[in-house]
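Let's take a walk through the inside of this protein. We'll begin with how its nonpolar side chains group together, then turn to the rings.

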Amino acid sequence: MHELFAKVLNEKDLSKAGDLFSLEDRDIVDDISTALEKIGDIINTEDYVNNDNDQSVVEICITRVTTTIREMDTIEDHSSGLVRLLQLCQQHNLNPVTQDKDPPHAKVASDIMSCLFTHYSKSKVMKMAIPVVVNFLGIDNKELSRNVSSYLSLAALDNADLLAKHMEIILNSIFRGNYILSTVLPQIYAQNSDPIIDCTDRLTDILDQCDVSERSSLFQVFSMVAKNKPKTLEPHIHKLSEYLSTSVLAPLVLVMFVDMAIANPKPFVSFAPVLKASAEKQPIHLIHVLQIMGAIGTINEEQAQQSMAYFVSNLNQTDQSVLTVILQEVKALSLTHPELLVENMDKISKLSQSGSSAIRILVQQLKDDEKKRSNAVEKEMKSVSSQTEGAVTVITVGNPPNSANPNGITVRQVHIPPSSMSSQQSLGKSSRASVSTGRYDRPVSPSSIYTDRMSMISSGTASSQHGPSIESMRDGVQHFCDKHFSTIRNFISNISARIPLPEVCSVINGRHKRFLRLSFLCGGKGDQCIYSKSYFTLDTKLPKTWIHLMFLSTQAKASSALSQHDYSISRLKTCWDSLQTDRSTGSFLTLVTSSFPSAKDQDILIHELHSFRFFDVFEFNAAKKYWACFMCNHPEKMWDLMKNGTPVIAGQLREKKGRWKFLKRWKTRYFTLSGTQITYSKSDQRHETLPVSKIQSVKAVRKGYRDIPKAFEIFTADQTYTFKAKGHQNIEQWVQCLHIAVAQAHKGDNSKKGTGKAEVCPSRQDNLVIERPRSVMDTKL
């Protein structure tokens with residue numbers, strides 16, 4: 001062991017402890033195991049709690065050890081020694097001594113866990129650390145519990161199976177008030193779902209005590225429960241529907257309700273007015289409400305009539321995506337209640353004159369369905385079928401071709417086992433018989449009817465005699481996704497830290513041509529988030545590559561191969577098709593089944609993001625694996641710069657002034673940003689103001705993308721201001737404060753400005769946002 005390290009630890013010499021940082025890492029890397037044992041001996045003594053000298057020595061030595069482990073990348077060699085220290089800490093009192101002071105063993109535990117979970121992706125380390133760390137959740141130290149929760153959130157990213165083994169401890173900690181730990185549940189649900197399902201009642205009870213991010217995590221869990229145990233959530237529909245008024249949570253609630261309604265639509269009948277009201281207040285929710293109403297329509301004839309009336313009442317929607325869903329639901333409902341289609345065909349037919357190509361195709365399909373039904377009615381006048389249990393007797397009136405009966409009447413009896421009777425009948429007949437007449441011994445449930453009919457619509461088939469085969473429901477997109485499923489996931493995982501993926505893309509009718517608008521959302525969504533209720537938007541010149549990436553991302557998030565008829569994929573297809581004025585660029589199928597965007601293509605996208613100053617506002621959070629604004633990533637840096645929720649900063653800046661560009665000089669002035677305006681003093685003691693609302697964007701000036709900023713620029717409609725501060729940190733503070741102020745000033749403006757009309761607004765999360773295009777001079781924030 002190095003002489004200095006031995007002296008500090010053996011003699012507990014605090015005066016020499018600081019000198020440990022003068023040693024090279026390579027000189028002490030072999031001493032780490034021994035040093036950890038010595039530290040364990042010190043913290044395990046009786047007087048350690050009251051000995052400030054020993055506590056300081058331990059703190060310095062742990063910092064030196066963990067630094068060496070990080071720099072020399074030897075965590076796997078020393079994880080067992082670090083875990084033993086954690087176990088020693090658990091043998092001592094970890095509860096707070098006072099409200100603001102933790103006991104020394106709690107501090108040691110925090111330092112050790114910080115070192116271990118920096119390497120959360122290393123399974124060998126996590127296998128040793130997680131079983132010990134979860135036991136810290138049982139103590140009454142809220143600060144330590146929050147730290148543990150954050151570490152476990154990291155561990156869950158790559159070690160969900162290890163963490164799921166301790167589900168009982170995690171749930172108990174949540175119910176004891178450690179609500180932040182609920183963010184772990186969506187990641188480990190698949191590995192151990194039964195305990196969560198059993199505690200669904202208790203999880204819904206704590207919703208009101210959680211913050212937005214914690215509620216969002218719980219609703220993600222409820223959405224998973226809705227897919228495999230929907231009945232568990234039925235008693236809580238009223239409670240869950242209360243969050244439809246929350247813009248962040250409403251999409252999660254509705255997606256969950258869609259899954260529940262498909263399984264059993266009856267509980268939603270009484271909530272239909274609430275759902276309709278939600279769609280009226282927030283049109284973005286209309287598509288999910290339409291799907292729920294479609295499921296309700298399978299219950300009986302009365303509900304079918306009400307659902308059809310609701311569909312028809314929304315035929316005046318201008319959003320082509322919404323109209324597509326309405327027509328799909330009408331088509332599905334007409335399979336079991338064809339008479340409703342006949343009654344409303346005149347109103348539906350009007351869409352064929354003004355709709356998009358997708359709308360016209362669906363309208364024509366409905367017309368064909370009506371025509372087929374009319375032909376079927378005529379045939380029924382010539383033939384009669386009677387059915388008995390275990391056999392089907394077919395009496396045909398007329399003289400079919402090759403008939404051996406000269407009288408023109410053929411009687412034949414076909415024996416069918418009761419177990420396969422319903423599968424031999426057409427979907428339309430079995431559905432009507434089971435719902436309306438109850439003729440068969442094995443009636444088909446409304447939920448199965450709804451699921452099957454949606455499958456038929458998605459596949460584009462509706463055979464009168466047999467359901468569609470599995471192969472007929474697969475298309476080129478699905479075959480491609482199935483074949484390259486793991487490759488797509490790996491590709492998206494590898495580029496997600498380099499390239500942010502849009503939340504929404506919209507096709508906008510510009511003055512001369514259509515263009516694609518991308519909208520990015522902050523993944524953090526914290527209390528001071530710049531984009532908690534708005535998007536960072538940019539009008540891209542690279543729609544082909546962006547749509548291709550959005551397709552791959554959508555598939556990467558899915559649990560199985562998606563088809564071209566999947567809602568998210570079909571929206572992207574509609575978006576691509578609406579941009580195609582030049583057909584030489586190829587079809588949607590050609591686009592998404594082509595080679596993945598190359599490194600050169602990715603660099604071009606990154607350059608475009610830089611040109612729109614995306615990276616001045618957002619950065620990738622490696623710990624949580626999402627893109628977030630700097631307010632969510634670094635809230636601790638902004639407390640001194642915020643006052644009453646608005647940015648405040650003041651100081652001397654050097655402004656570049658001059659009438660002629662080659663004669664410009666730097667002039668020093670005192671600037672103050674407070675609330676909605678920037679104030680600066682002139683040489684004659686007069687004060688001038690610049691309203692923040694006039695600022696279009698702010699840019700940190702760098703030589704290269706990764707260089708330290710040397711200055712920053714403020715852009716208005718008719719002028720550009722260039723400033724320098726004393727150091728790059730001051731520049732960053734000014735840029736950050738200005739970004740927040742501009743974002744706050746422009747909130748709500750997007751919906752009031754426009755020069756055209758948004759035609760298609762598909763989303764990766766199935767949320768549709770109708771956007772109005774802004775003028776050329778609008779801010780890109």
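A nonpolar core here means a set of buried Ala, Val, Leu, Ile, Met, Phe, Trp, Tyr and Cys residues that are joined through side-chain atoms within 4.5 Å. Keep in mind that this is a predicted model. With that in hand, the largest nonpolar core comes to 134 residues, and the ones with the most contacts inside it are Met 113, Leu 116, Leu 185, Ile 188, Met 256 and Phe 257.

Zoom in on Met 256. Once you set aside neighbours within four places in sequence, Met 256 is in contact with Phe 219, Phe 222, Ser 223, Ala 226, Leu 233 and Leu 240. There is also a second, separate core of 53 residues, with Val 477, Val 507, Tyr 531 and Phe 614 among its members.

Now for the rings. The structure holds 20 aromatic pairs. Take Phe 536 and Phe 618: their ring centres are 5.8 Å apart and their planes sit at 90°, so this pair counts as edge-to-face. Phe 536 belongs to strand β6 (residues 536-540) and Phe 618 to strand β7 (residues 618-621), so the pair ties together parts that lie 82 residues apart in sequence. Both Phe 536 and Phe 618 are buried.

Last stop, helix α19 (residues 286-296). Here 11 of the 11 residues are buried, so the helix is largely enclosed by the rest of the structure. Among those buried residues are His 288, Gln 291 and Gly 294.

Notes:
Residues are numbered from 1 along each chain as its sequence is written. This is a predicted model: local features need pLDDT of at least 70, side-chain atom pairs count only at pLDDT 80 or more; totals for chains, interfaces and linings use all residues. Side-chain values use heavy atoms; hydrogens and water are left out. Buried means under 20% relative accessible area, exposed over 50%, partly exposed in between (1.4 Å probe, protein chains only). Contact means heavy atoms within 4.5 Å. Rings of Phe, Tyr and Trp (its six-membered ring) pair if their centres lie within 6.5 Å; planes under 30 degrees apart count as stacked, over 60 as edge-to-face and the rest as tilted. Helices (H or I, at least four residues) and strands (E, at least two) are DSSP runs, numbered from the N terminus.
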